[in-house]
Amino acid sequence: MAVTMAEITKLRHLTSAGLMDCKKALAETNGDIEAAVEILRKKGQAVAAKREDREASEGCVLAKNDGTFAAIVALKCETDFVAKNAGFVALTQQILDAAVAAKAKSIEDVKAIVIDGRTIEALIVEEVGKTGEKMEIGAYECIEAPSTTSYNHLGNKLATIVGFSLEGVDYQVGRDVAMQVASMNPVAVDRESVPAAVVESERNVAIEKTKEEQVKKAVEVALKKAGLNPAHFDSEAHIESNITKGWITEEDAAKARVIIKETAEAKAANLPEQMIQNIATGRVNKFYKESCLMEQEFVKDATLTIGQYLEKAQKGLMVASFKRVNLNQD
């Protein structure tokens, strides 16, 4: 039977599939709308199965808060062209709205939410059939707190949510902190929240760096005493290069190598442990100030930390938690 434009338009409205796909599905089902819808859904499943091994590295990230609950959804796809498509962004927003309304706690919870008789997982599969690209929920984060806020960065690749310890947080204050999280990428709310393994790693790095610096200083002093320029002997590759250029002689190089080896070994064996620990502690404290949200300098006023800014805005106000999703990794 002939397929009318009215039927094609109705099917397209129901499924958002392309005109030709709708026409073919209706022709195959002799104009049966429900059967055509099922065909298009199965097509989406087939395309999704074929694309399963592809990498979904692009996508859309959106955040939303509603009272005491906030969430971020990252819907991923294969190309930036699809990621910027209005329909794809609208689907991401639809998923986010449903997740916030349901106060979903995980990706699996989100996938199981039903919208107009279909699960979100099924909606994503149908979208795969329309675009021909692999799609998946790449990330889902949520928080609950007395007050929450959200921030969507221009371009829909980065979003943040923040929970506060008190109710009634001013909108601009919340937005400022959410933007701080977006720009400065803190690892934790405060130093007590930093995982012990991270602190241990930072301290070990600080200790090794401090030891290397102390040895390097001793070597530089010894080279200068011998009448040699330390800058000419800072690496074996540099030594060879400087010999080739005629800046130092083979004799200079041989003399420097002996001084470097003997001085480095002697200094490494007699490093002042307490001084090393004190310097390492200072470096770890610097890490805390740069990486803990409450201790970070406020990007809009470097005279204040975020903690001080919040206290100034509302007495006793603190950040309870935050989440950050960035498709373009920092």
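Some ground rules. Because this is a prediction, local features need pLDDT of at least 70 and side-chain atom pairs count only at pLDDT 80 or more, while totals for chains, interfaces and linings use all residues. Numbering starts from 1 along each chain as its sequence is written, and side-chain values use heavy atoms, with hydrogens and water left out.

Let's start with the strands. Helices (H or I, at least four residues) and strands (E, at least two) are DSSP runs, numbered from the N terminus. Two strands pair if DSSP finds at least two bridges between them.

Take E1 and E2. Strand E2 covers residues 69-77, and E1 pairs with E2 over nine bridges, in the antiparallel sense. Ala 63 sits opposite Ile 72 in E2. Two residues lie between the strands of this hairpin, and Gly 67 takes a positive phi near 65° there.

Next, an open sheet. Three strands make it up, in the order E6-E7-E10, with antiparallel pairing. Strand E6 (147-152) and strand E10 (319-326) are the edges, each pairing on one side only. From one strand to the next, the twist averages 10°. Axes here are lines fitted to C-alpha atoms, for helices over the stretch in contact, and angles run from 0 to 180 degrees between N-to-C directions.

Look at E7 and E10. Strand E7 spans residues 158-164 and is joined to E10 by seven bridges, the two running antiparallel. Gly 163 stands opposite Ser 321 in E10.

What lies across E6, E7 and E10? Helix H8, residues 171-184, does, running at about 130° to E7.

Thr 149 is found in strand E6. Is Thr 149 buried or exposed? Thr 149 is buried, with a relative accessible area of 7%. The cut-offs: buried means under 20% relative accessible area, exposed over 50%, partly exposed in between, with a 1.4 Å probe and protein chains only. Leaving out residues up to four places away in sequence, Thr 149 touches a set of residues that includes Asn 65, Ala 70, Thr 160 and Ile 161. Gly 174, Arg 175 and Ala 178 are also among them. Contact means heavy atoms within 4.5 Å.

On to helix packing. Helix H7 covers residues 120-131, and the axes of H5 and H7 come within 11 Å, crossing at roughly 175°. That makes H5 roughly antiparallel to H7. The scale: angles under 35 degrees count as roughly parallel, over 145 as roughly antiparallel, 65 to 115 as roughly perpendicular, and the rest as oblique. Which residues make the contact? From H5 come Leu 91, Gln 94, Ile 95 and Ala 98, and from H7 come Ile 120, Leu 123, Ile 124 and Glu 127. The residues of this contact divide into six nonpolar, one polar and one charged. For those classes, Ala, Val, Leu, Ile, Met, Phe, Trp, Tyr, Cys and Pro count as nonpolar, Asp, Glu, Lys and Arg as charged, and the others, Gly among them, as polar.

Salt bridges next. The rule is a side-chain nitrogen of Lys or Arg within 4 Å of a carboxyl oxygen of Asp or Glu. How many salt bridges does the rule give? The count comes to 15.

First example: Asp 97 and Lys 64 meet at 3.0 Å, N to O. Asp 97 lies in helix H5 (residues 86-102) and Lys 64 in strand E1 (residues 58-66), so the pair ties together parts that are 33 residues apart in sequence. Asp 97 is partly exposed at 30% relative accessibility. Lys 64 is partly exposed too, at 28%.

Another pair: Arg 283 and Glu 213, at 2.7 Å, N to O. Arg 283 is in helix H12 (residues 273-291) and Glu 213 in helix H9 (residues 196-225), so parts 70 residues apart in sequence are tied together. Arg 283 is partly exposed at 27%, and Glu 213 is partly exposed at 29%.

Then Arg 257 and Glu 240, whose closest N and O atoms are 3.1 Å apart. This pair links helix H11 (residues 250-269) with helix H10 (residues 236-245), the two residues being 17 apart.

There is also a network. Salt bridges link Glu 58, Asp 80, Lys 84 and Lys 157.

Last stop, a loop lysine. Lys 134 lies between H7 and strand E5 (136-144). Lys 134 counts as buried, at 11% relative accessibility.
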